[in-house]
Amino acid sequence: MKINALHAVLTLVLLTGPVSIVNAQDGNAELPAALITPPAIEEGVLYFVSWPDTLYAFEENENSARWAAVLDPPLESLDRASLPAPAPQPVMSYVLVHLGRQLWGVSKVDGHSVWSISGLPEASSDRSDSTVEALPGYYVLTDDAAGTLLVLEEESGWWQIRKRRLGDGSIDWELRLDGEPRGWWVDGDGICVCLEVYGSEGPGAGYDRPGSVTKYDHDTGESLWSIPVNEESAYRSVFTADPDRIYLTEKILTGEFEVRAYTRDSGELYWSITYEADEIIQVLSSGERLVFLHREGSEEQRLVRFLLYYSSLNPIRPQTLRESLESQFFYEPAIDKSLFMYGSAVYSLYDANLVWQELVQIETVDWAGDVDYLYLWDSAGMLICYDRLTGLRLWESEFNVLPALFKNEPAYGGASLTLMDNRLFASTPAGELIRVDPSNGELYPGVLRISVENGITGNGSDQDEPAVQTGRRRGIPWVWISVGIILFLAGLYYWGTHRRSVTGMDDDIGF
């Protein structure tokens, strides 16, 4: 009896032991098994990617993996600072996965990679409409039964837009761009592209010609209209706010900043403004509101100029803020619906007034929001729910799920917090997907764990049983509890004690 009990616990630890280390493909960096994307959900199936390139389809109702498939071809490289990567996108019969500079079309049926594309802009799940960060790699159109992909790709130094078929990735038409894209959007009838135009010798020769904004027909690739960027200005950024306009922000020769708004339908100049400011930090937009952030004063002062405008380019209010510290909530500026968040403070996008602030020195791992609440995961291991309009803490929950190894990693190793179907999901670099009740912060009893202990050798239905485990989370790391139990039982067995206590750590239940 003693031997059987000890054997059971030993077996438990071997099956659910410490997450193994895998060799990453970017510079041989080593990372534990990690979830590097937030999950996506469709019809009760969760889709997510574990490091470095395994896509999982997990059926919540069945509490089991439908399949787990290694992407083919494998991931070539990944900028860890861009993690978490975007969530997989289920669309029609496929799941689209954008990691690094690659895009895969994966079958929902068995997980095999139907097609893949390389040369896209680096993937990023940055949720703000920042103009100085990542470009979207692709857009999906589902106007017809077959589905269409519009993909931005780089090949031999030249950027191209390619219209591809969703079913097999084949090309319908392609358009080589004569510059480097700074922004592109797809609307109902066309593709708007803003370029910093290459010199006469092509890529690598600099940008000695004025930039351009061009709109193309997305059915044929034909140019609908084009306008040049001011030849005497230093091109800075381009962005879109409402569905009708595209905006260019430039520093002109006078040292001032100029913002010009163009209509998407015709490319006509709608309105322009100029203002004086120091170095631009970031531009963000949300519907009818635009936010311009500039540095102000000396480096020692650490001040930021916060300019709020209507999308019509009429000013609302300027004010000066203290530059955010890395140890504050919302170190990176962000917009969520009617709020602007920066430096542990929340401001209204209606009048730029301070709505509330949290005077604490703790970093943000990730956050999520809905129309009523903001959910914030901090680096001290707490999950906090705020009333978005008052800043009142409605609940807080101990959430010490981030391994210490990743406290100083860029983007915390890809940890993410996602709100879907009125449920919070946290994905961790320890390979765990944890579901939280957003009404009270309580953890659901099941924790989905991904282990690469045995590896995944096949694709889709041809592979062995996916290594997916479920189990309850405790306040103390489960590995050390298991080790402690083993030592305790071994001691009892050695001294011939007849009293024993065996506590199992995994109840094999999921969401």
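**Reading the model**

Tutor: Apart from neighbours within four places in sequence, Leu313 is in contact with Tyr247, Val259, Ala261, Trp271, Ser272, Ile273 and Leu290, where contact means heavy atoms within 4.5 Å. This is a predicted model, in which local features need pLDDT of at least 70, side-chain atom pairs count only at pLDDT 80 or more, and totals for chains, interfaces and linings use all residues. Residues are numbered from 1 along each chain as its sequence is written, and side-chain values use heavy atoms, with hydrogens and water left out.

Student: Where is Leu313 found, and is Leu313 buried or exposed?

Tutor: Buried means under 20% relative accessible area, exposed over 50%, and partly exposed in between (1.4 Å probe, protein chains only). With a relative accessible area of 1%, Leu313 is buried. Leu313 belongs to the loop between β25 (303-310) and β26 (315-322); strands (E, at least two residues) are DSSP runs, numbered from the N terminus. Its C-alpha atom is separated by 7.2 Å from that of Ser272, 41 residues apart along the chain.

Student: How many disulfides does a search of the whole structure find?

Tutor: A disulfide is a covalent bond between the sulfur atoms of two cysteines. The criterion here is a pair of cysteine sulfur atoms within 2.5 Å, and the search finds 0 disulfides. For Cys194, the closest cysteine sulfur is in Cys192 at 7.2 Å, too far for a bond. Cys194 is buried at 0% relative accessibility, and Cys385 is buried with a relative accessible area of 1%.

Student: Which order do the strands take in the open sheet of 4 strands?

Tutor: Strands of a sheet pair through backbone hydrogen bonds, either parallel or antiparallel. Here the order is β3-β4-β5-β6, with antiparallel pairing; two strands pair if DSSP finds at least two bridges between them. The edge strands, β3 (40-42) and β6 (64-70), each pair on one side only. β3 and β4 (residues 45-50) are antiparallel over 3 bridges, and Ala40 stands opposite Tyr47 in β4.

Student: What is the mean pLDDT of the protein?

Tutor: pLDDT is the predictor's confidence in each residue, from 0 to 100. The mean is 79, and 77% of the residues reach 70 or more. Among the elements, strand β1 (residues 21-23) has the lowest mean pLDDT (29) and strand β9 (residues 102-107) the highest (98). Over residues 1-29 the pLDDT is below 50, although this stretch has 62 contacts in the model beyond near neighbours in sequence. Where pLDDT is low, the predicted coordinates should not be read in detail.
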